[in-house]
Amino acid sequence: MASAGPSSSQRKQCTDCASIARRLPRNAGRALIWIYRHSLSLLVGYNCRHLPTCSVYGDEAIERFGLWGGGWMTLARLLRCHPWGTSGIDNVPLTAPPEARWYLPWRYGRWRGVNPS
């Protein structure tokens, strides 16, 4: 006799696989940051003008907002981190900017300044 549909354990497995697949780009981005931290960063040294460092910021932004939104936030942060750029405490925002949309990715980044006082 054929069953009517998948059992609850099979449905849970499918849900787990879908969750893993959705997080794959995010985890790949975080893996690249991890590789940078444990290879090139050791050669370059500690030169970040912000707290937390750019790699910690990027890791947290990608974890919180995914590869697309967090990646744009990280790019904006990296472009602010130069000798004539900003410095100081610059944390990842708790929520995405209200004007940010997936089709307007540059609106995710804070291109000037650091955290509002």
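Two residues are said to touch, or to be in contact, when they have heavy atoms within 4.5 Å of each other. The model discussed here is a predicted one.

## Overall make-up

The protein contains three helices and two strands, and, read from the N terminus on, its elements follow the order α-α-β-α-β.

## The largest nonpolar core

Seven residues form the largest nonpolar core, namely Tyr57, Ala61, Phe65, Met73, Val92, Ala100 and Tyr108. When neighbours within four places in sequence are left aside, Val92 is in contact with Tyr57, Ala61 and Phe65, and the list of its partners also includes Glu60 and Arg64.

## The largest pocket

The largest pocket has a volume of about 430 Å³. It is lined by 19 residues, of which Ile33, Tyr36, Cys54, Ser55 and Leu78 are the closest to its centre. Two or more lining residues come from each of helix H1 (8-37), helix H2 (40-44) and helix H3 (54-80), and H3 gives the most, with seven residues.

By residue class, the lining of the largest pocket divides into 10 nonpolar residues, eight polar ones and one charged residue.

## Ser55, a residue of the pocket lining

Ser55 lies in helix H3 and is one of the residues closest to the centre of the largest pocket. Its relative accessibility is 16%, and because the cut-off for a buried residue is under 20%, Ser55 counts as buried. Not counting residues up to four places away in sequence, Ser55 touches Ile33, Tyr36 and Arg37; Ile33 and Tyr36 are likewise among the residues closest to the pocket centre.

## Gly88, a residue of strand E2

Gly88 is placed in strand E2, which covers residues 88-89. With a relative accessibility of 31%, Gly88 counts as partly exposed, because that class lies between the limits of 20% and 50%.

Leaving aside neighbours within four places in sequence, Gly88 is in contact with Arg49, His50 and Leu51. Gly88 and Gly113, which are 25 residues apart in sequence, are separated by 9.6 Å in space, C-alpha to C-alpha.

Note on methods
Residues are numbered from 1 along each chain as its sequence is written. This is a predicted model: local features need pLDDT of at least 70, side-chain atom pairs count only at pLDDT 80 or more; totals for chains, interfaces and linings use all residues. Side-chain values use heavy atoms; hydrogens and water are left out. A nonpolar core is a set of buried Ala, Val, Leu, Ile, Met, Phe, Trp, Tyr and Cys residues joined through side-chain atoms within 4.5 Å. Buried means under 20% relative accessible area, exposed over 50%, partly exposed in between (1.4 Å probe, protein chains only). On a 1 Å grid over the protein atoms alone, a cavity is a set of points where a 1.4 Å probe fits but cannot get out, and a pocket is an open set with protein on both sides within 12 Å along at least five of seven lines; lining residues have an atom within 4 Å of a point. Grid points are joined across faces, edges and corners, and a volume is the space filled by probe spheres set on the points. Helices (H or I, at least four residues) and strands (E, at least two) are DSSP runs, numbered from the N terminus. Ala, Val, Leu, Ile, Met, Phe, Trp, Tyr, Cys and Pro count as nonpolar, Asp, Glu, Lys and Arg as charged, and the others, Gly among them, as polar.
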